[in-house]
Amino acid sequence: MDNQIEILKDYIDKSNYTVAITGAGVSMSSGIGDFEHWNFGSVLQMSSTFVLKTMPNKYYKAAWKSFLNPIFNIGPNITHKKLAELESQNKIQGIITTNIDHLHSLAGSKNVAEIQGSFAINKCLKCNKRYNDINIWKNGKVPRCECKRNYRSISSICSCWTIIK
């Protein structure tokens, strides 16, 4: 393993432009499971506009269990932090991730492409006002927009899950 790390370090040191590509495995030690370890019912609740609109408490409970609790109470792990350190040293130029947990940015990375959405990029389902702050999810319930039109929820789920356009 140490030899593999040395080989990777050598590749990074010799590279003119390096981008890290990450997925669910990188956040597992922060308490966020990959799809293999998720409860199928929770996945359906998290990906359902219907559940978000009609049962926001149920939606929030699933989001808290699967993502929000680990994000706010465990936070970025050593991998997130090491990638942020490499970026700050200009050894990598950015990160592309399928994760929606925002942990790379919370670790200090600046150039992060969260290609499946993010809990830090949120939009009202009614007026489309954007709230680009993960902390709106800390209040113990689904965030609500100040427009209060029909008391619509805010969502962070990406277009592949049909909530954000």
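Modeller: Cys127 is partly exposed, with a relative accessibility of 26%; the term covers values between buried, under 20% relative accessible area, and exposed, over 50%, found with a 1.4 Å probe and protein chains only. The model is a predicted one, in which local features need pLDDT of at least 70 and side-chain atom pairs count only at pLDDT 80 or more, while totals for chains, interfaces and linings use all residues. Residues are numbered from 1 along each chain as its sequence is written, and side-chain values use heavy atoms, with hydrogens and water left out.

The cysteine sulfur closest to that of Cys127 belongs to Cys145, at 3.6 Å, which is too far for a bond. Cys124, by contrast, is buried at 1% relative accessibility. Its closest cysteine sulfur is also in Cys145, and the 3.8 Å between them is again too far for a bond. A disulfide is a covalent bond between the sulfur atoms of two cysteines; here a pair counts if the sulfur atoms lie within 2.5 Å. By this rule there are 0 disulfides.

Charged side chains do pair, however. The structure has 5 salt bridges, each defined as a side-chain nitrogen of Lys or Arg within 4 Å of a carboxyl oxygen of Asp or Glu. One of them joins Lys9 to Asp13, with the closest N and O atoms 2.9 Å apart. Both residues belong to helix H1 (residues 2-14), where they are 4 residues apart, about one turn of the helix; helices are DSSP runs (H or I) of at least four residues and strands are runs (E) of at least two, numbered from the N terminus. Lys9 is partly exposed at 44%, and Asp13 is partly exposed at 38%.

Asp13 has a further partner, Lys91, with the closest N and O atoms 3.0 Å apart. Lys91 is in the loop between helix H5 (78-88) and strand E2 (94-97), whereas Asp13 is in helix H1, so this pair ties together parts 78 residues apart in sequence. Lys91 is partly exposed at 31% relative accessibility.

Lys14 is exposed at 61% relative accessibility, while Asp10 is partly exposed at 34%.
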